[in-house]
Amino acid sequence: MAEMKASSAVPLSTLADVNDLGKPWRWEEDGMTVTRTAPWSPPGCHPVACGLKLYTDKDGKLVKVEGDENQPITQGRLCVRCLTLKDYIYNPSRIIHPMKRAREDRGNPDAWEQCTWEEALDIIEENYKRITEEYGRESIVCFAGTGREGGTLAAWGSAALCTPNFCYSQSGYACYCPRLAASAYTLGCPYPEIDYAGGLAGRYDDPAFEVPEVLMIWGKDPLASNPDGFFGHAVVDMMRRGTRLIVVDPRATWLATHADIHVRLRPGTDAAFGMAMINTIIEEDLYDHDFVEYWCYGFEALAERVKDMPAEKAADIIGVPAETIKAAARMYAAGTPSALQWGLAFDQKANGMQCGHCAIALMSITGNVDVPGGQVLPPANSGLNEAGFLMKKGLGAELMAKTIGLKEYPAYVNTILNSHADLTLRAMETGDPYPIKMGFYAGNNLMSCTSAEPRRWHDAIVNNLDFCFTLETFMTPSAQASCEVFLPLSTAAEEDGVDFTHYGGTPVGTGFMNKALQVGECKTDMEACMAVGKRLNPSVWDEYDDVYDFIDHLRLKKRNKFKDVHEEVFVQTGVEYYKNEIGKLRSDGQPGFNTPTGRIELYSTIFEQFGDDPLPYYLEPQYSPKSTPELLKDYPLVLTTGARTYAFFHSENRQIPYCRELNPDPLIEINPETARAYGISNGQWVEVWNQFGSAKLKAKISQIVDENTVHAQHGWWFPEESGNEPDPYGTFRSNINNLVPNFHFGKLGFGAPFKCLLCNIKPLKESYDTDMKRVWEMFKREDQ
Amino acid sequence: MEERYGLLIDFEYCTGCQSCEVACKEEHGYPVGQWGIRVHEDGPWEIADGVFNFSKIPAPTDLCDLCAARTEKGREPSCVHHCLANVMKYGKVGDLAQELNKKGKQVLFVPQYLPLQAKGAFESKGKENRRHTFLTTEVSENAAFETATHGDTHLDIGMNEE
């Protein structure tokens, strides 16, 4: 059995002498039971496993939520989405019993009827049998969402519904996986996170750790997003310990304005910047010769290629002076160590994989890979454990070969074991390569959030799929428009389970979720997956008697049992550096990296094998001032979308009054000069449109964007409005994805231009301001 | 004199996450539209050549009681406990003033819960000290009475100004 033991957390200097450090996983206090837990979701989030203390009364009702100072990463700190957990759990609009309605009642909120789990499962089974007998199991799609436990629970596809078409429904899988794939191909491991001493017991003061001298944050705002399980404010912790920043971002974010160098590039031009960085570092001989000689493959070819992109040429493309690019290159190369955090912006363009290749090359040629305070790599025996789980047993080779897009985009489909999003949309619309007839939303609200051209996805699903169901906490526009069965989902406070920071791809820690209460008839993601799976495909589940067997296998690889280790609440992984030198990055135990050449591939043999260029190259965004100057008369502004907010996780939390109050309306950021030219006042509603669609948002006039760029929030819908068609909860009114096209991915099938399009804007006379009094009256708790 | 308590805020590193605002509302049950602390945003506005001022400054309101129910048990206020950037510190004003002296871009707040009420209900204390003595003074009729004491124009009191 693997050792799993929590170490005591380093207390924050601001913690009072009276505190709960050293308390067990559960204790009694003032007539209440206090349960410590390290949640994943819901409420929606990535697996950060923040520490929570849940206070329940004798009736099992949640009384209070507090941050757990025993969690070594978060140390008691919490964001607004868990601070309001009680308002989420006891929200009057939360759905806590299964519901059903007839197919002809899609889009009618009044047609839902409460039913039992048995009845709901009967309906799912009946439709499953009918549809799969006629069209095969490949006619089912699991629409997967992002970040939440349900959205990544691939067993829904492989083992419950036994369909190969588990589909993250964002065009070009424009989130995390392009970065993951670029990293897997060239570095031989998942996304290499920056080292923030997360896995070390002494944290920042641990003798094994070095605080990075330089942190370059590129296309990412980690503070609000807690990306992929990274506790965003670890960046601030390190800034206060001396880390200096380079921030590469079109927006003057809080981090950017606190950086020594802010590279305020034009959206979508990141690969040009990356190539110019590499070129400067090589040309000025700032690279780590030993690391390059011993551990990298293809340096000369890379050096030759980036000569195509000197800083002067990149300056013209990205709109930043060459001297700023060179200064960034010098500062990044000088940092000992330097860390590089690269974000979602990489994925949201067709050219993102080349940009990812540049990032891997930068951290490699400067010798910052698997060193303290640089990039921390997972050992060979860890990593993402979800993809492929039970796939052979549940699908078999014949069905796996039918995954939509496997032939066209094997680098996408085979690497992440997903059906290709855009080709899945086409399959729904045209029946090519085969008809799609049934859908399940796994932690997904695609009509409000994930999907480009959401109306098109809506029509494809509503018109062509015979049966849809979801597992959710709240009604969503997507479920309202298309589902026949609604299954109620537990929050993390109602769950026994396991989560890994960074999905297990970085050695930081394992969190245990300890169930503190039960609400209605809700089931956890894993309980519901198993209940549906046992009903539809019982033979796949024969080795599991209860959900703990499933948890122990999927999450703990049978090395531990949940019931033996959950009382530890959060266990740090421990970190070993320089693993490439001692054979711990490869399953054959040899020194080097887990790539075909055994070295970090600056010249990528895998890109080459997939038919792409083995070296980084630059492509302009498909619609931009440089690639389509003829469009500028109609669409003169660059549109970037989707910056994270503290108040919301994507399309969630709009019905949580204290969250909504922080950001009541969908905002579009406009520079004061632009606003003056277009006659727009601060707080005025505007229409933003381009050749693909339009949306209405509220202007926030701010120098956070430059005069050529506007930035729009994503994921908006209005739970206080009517759920009826044609615009359930107003989601199509303010959905910025109306302006984002499908089928604009790169050569290997990855990427979509969510962050680099063109648009126009105009002021509106009317106002759509949210009435917070109405939100409060509709959604406050009974006891408020 | 009883020593006061305050909140020391290192706003050089306040990121504006608003955890303090929401932690406070949950702790005190303040409804939508009321706060015990608010984060004020100053920027981003450009100073020069890409250098921006962008500060987030949490300021306690008239509803901040410094979490009396928590601090009397020896715990820190909820905003301090949950602050993501860990930039808030609770303590005696004298101690915090020492901290304040150690670095710049900090601010020390000494909140006052409902300051108007803290003054107590209005009560006049002047009754024993009247200025007038009410002696037997004769007041005659005012034969010189007129409405405009400065002639026939209202200019002097600004009424005709554009």
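Predicted model: local features only at pLDDT ≥ 70, side-chain atom pairs only at ≥ 80, totals over all residues.
I started with chain B, whose elements run β-α-β-β-α-α-β-α-β-α from the N terminus on. That comes to 5 helices and 5 strands, with helices (H or I, at least four residues) and strands (E, at least two) taken as DSSP runs and numbered from the N terminus.

Residues are numbered from 1 along each chain as its sequence is written, and chains are lettered from A and ligands numbered from 1 in the order in which they are written.

Burial in chain B next. Of its 162 residues, 32% are buried (20 or more other C-beta atoms within 10 Å of a residue's own, with C-beta atoms placed from the backbone). I also looked at contacts (C-beta atoms, placed from the backbone, within 7 Å). Among those in chain B with a separation of 6 or more, 60% join residues 24 or more positions apart.

Then the A/B contact. I found 32 residues from chain B and 35 residues from chain A in it. On the chain B side, two or more residues each come from α1 (19-28), β2 (37-48), β3 (51-60), α3 (78-82) and β4 (88-92). α1(B) gives the largest share, 5 residues. By class I get 15 nonpolar, 10 polar and 7 charged on that side (nonpolar: Ala, Val, Leu, Ile, Met, Phe, Trp, Tyr, Cys and Pro; charged: Asp, Glu, Lys and Arg; polar: the others, Gly among them).

Over to chain A and its domains, with bounds from an automatic or database domain assignment. I noted domain 1 (99-174 + 389-509 + 521-555), domain 2 (193-376 + 587-609) and domain 3 (629-779). The centres of domains 2 and 3 of chain A, over C-alpha atoms, are 30 Å apart. Their contact pairs 18 residues of domain 2 with 23 residues of domain 3. On the domain 2 side, α6 (222-225) and α14 (352-365) of chain A each give two or more residues, and the classes are 7 nonpolar, 5 polar and 6 charged.

Last, a helix pair in chain A. I see α9 (270-283) and α11 (299-306) packing at about 115 degrees, axes 9 Å apart (axes are lines fitted to C-alpha atoms over the stretch in contact; angles run from 0 to 180 degrees between N-to-C directions). So α9(A) is roughly perpendicular to α11(A) (65 to 115 degrees). A:Met275, A:Ile278, A:Asn279 and A:Ile282 of α9(A) meet A:Leu302, A:Ala303 and A:Val306 of α11(A). I put that contact down as 6 nonpolar, 1 polar and no charged.

Methods:
Contact = placed C-beta atoms within 7 Å. Buried ≥ 20, exposed ≤ 12 C-beta atoms within 10 Å, placed from the backbone. Parallel < 35°, antiparallel > 145°, perpendicular 65-115°, else oblique.
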